[in-house]
Amino acid sequence: MIVDLPNASTSQISHRLVEIREDVGAMALSRVLTLVIVVGEDEAEDALAVANAASHQHPARIVCVILANARGKARLDAQIRVGGDAGASEVVVLRLYGELIGHARSVVTPLLLPDSPVVAWWPHDAPKDPGGDPVGAMAQRRITDCAVADNPGAMLRRLGKVYRPGDTDLAWSRITLWRGLLATALDRAPFESVNAATVVGGADSPSADLLAAWLRHSLRCPVSLVRSREGSGIVSVRLERASGPTDLVRPQLGDTATLDQPDQPQRAIALAPRSDAECLADELSRLDPDDVYADALISGLPKIIRRRTTMTDAVRAGEVPSPSEARQEVERLTKESSKIIRNAMVEAAPEDASSSTEAVRTAVRDRLRTEDEA
């Protein structure tokens, strides 16, 4: 359901929201927070689609502030979306014109859910100081996205200088799986300290910078950053230890990575790039300051060693793992896994059809265990 309210006031919008809840049964009681999106006209619908998808995990009132034409007479055009047009939320779209663009906070404040947290999100064109921005100042969490900036590295450094508790960035959320896999690898034998680390990532990937910064602060060892071509995302991480390197490689933004550790078989691991909706949902799940992000941004980022060498030269020198070899290994492991599953299904072949699923699972586990022991 979509209701248009041209040339409206905030009191008219609030009154209409109450009427809609009474008419169609949409309740605000289930909304756990208010998500305020500040965005331009061209990016508004994409941002709303991401927010609607994230709202299935975190029902919210979404207030989308569209900064339209700054010229002309001050005017507020509103639109209310509920039901299938709003995901698990109720959406209020506000188009600001003229001088009203400079007073977004005054327009948004009457539409906030009472006694509930406020999260501000700038999908594009974030303010230089999110915490000092009028909309950002009233929010418990402030979400930016360095990946869409013209100069992601410069934006990261600027965010580090103006950081305030509650700030975060979607580039940080995108490395959650990488951090989890690396932490798990270090929790297994051999239990050795890391002497040095190298991250390979695209020249336009702020996530690579943040991953290197997190490793630098967490491991207290030298961490180098080697750039790959733009658009390649994070390619690999090498952790140097006394027994040999631990390599986590994801070739060409694929869905599968390889983990290679000393004295252990090489493994294929699911490591698909995360969607913006997944990352936004993660950030909405916590409303306290992210101290780990703060440490990486403020303490780790300035201490990264930024190598001038290319990824190709670093691979030739043996300093970082080869993505092409990792790709070939992923293909080999995938074929072997498919063969094991097919053989296990043939071996299971239960007479009782109701037990076929469990029989196949048992056969697959047994065959995988046999392959690992071999």
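Q: Hi! Which residues are buried in α10?
A: In this predicted model, the buried residues of α10 are Y293, A294, A296, L297 and G300.

Q: And what do the buried residues of α10 pack against?
A: They pack against α5 (152-161), β8, α6 (170-173) and α8.

Q: Nice. Which residue caps the N-terminal end of α10?
A: That would be D290, with a side-chain oxygen 3.3 Å from the backbone nitrogen of V292.

Q: What lines the largest cavity?
A: The lining is made by P130, T144, L159, Y163, D167, T168, Y293 and L297. Two elements, β8 (167-169) and α10 (291-300), each give two or more residues to that lining.

Q: How does the lining of the largest cavity divide into nonpolar, polar and charged?
A: There are five nonpolar residues, two polar ones and one charged.

Q: Okay, new topic. Which residues touch the most other members in the largest nonpolar core?
A: I13, L94, L211 and L215 do, in a core of 68 residues. Helix α8 (residues 206-219) supplies the largest share of this core, with seven residues. As general background, nonpolar side chains tend to be buried together in soluble globular proteins.

Q: Let's zoom in on L215. What is L215 in contact with, leaving aside its neighbours within four places in sequence?
A: L215 has contacts with L182, A197, V199, R220, V223, V237 and L239.

Q: And how many residues are in the other core, the one lying apart?
A: That core has 25 residues, and V50, A51, C64 and L170 are among them.

Q: Now R238, please. Where is R238?
A: R238 sits in strand β11, which covers residues 234-241.

Q: Does R238 count as buried or exposed, and why?
A: R238 counts as buried because its relative accessibility is 10%, and the cut-off for buried is under 20%.

Q: Which side chain is joined to R238 by a polar contact?
A: The side chain of D247, at 2.8 Å.

Q: What else does R238 touch, not counting residues up to four places away in sequence?
A: Besides D247, R238 touches A196, A197, T198, P245, T246, G318, E319, V320 and P321. A197 also turns up among the contacts of L215.

Definitions and conventions. Residues are numbered from 1 along each chain as its sequence is written. This is a predicted model: local features need pLDDT of at least 70, side-chain atom pairs count only at pLDDT 80 or more; totals for chains, interfaces and linings use all residues. Side-chain values use heavy atoms; hydrogens and water are left out. On a 1 Å grid over the protein atoms alone, a cavity is a set of points where a 1.4 Å probe fits but cannot get out, and a pocket is an open set with protein on both sides within 12 Å along at least five of seven lines; lining residues have an atom within 4 Å of a point. Helices (H or I, at least four residues) and strands (E, at least two) are DSSP runs, numbered from the N terminus. Ala, Val, Leu, Ile, Met, Phe, Trp, Tyr, Cys and Pro count as nonpolar, Asp, Glu, Lys and Arg as charged, and the others, Gly among them, as polar. A nonpolar core is a set of buried Ala, Val, Leu, Ile, Met, Phe, Trp, Tyr and Cys residues joined through side-chain atoms within 4.5 Å. Buried means under 20% relative accessible area, exposed over 50%, partly exposed in between (1.4 Å probe, protein chains only). Contact means heavy atoms within 4.5 Å. A polar contact is a pair of N or O atoms within 3.5 Å; within protein, one must be able to donate a hydrogen and the other to accept it, and residues adjacent in sequence count only if both atoms are side-chain atoms.
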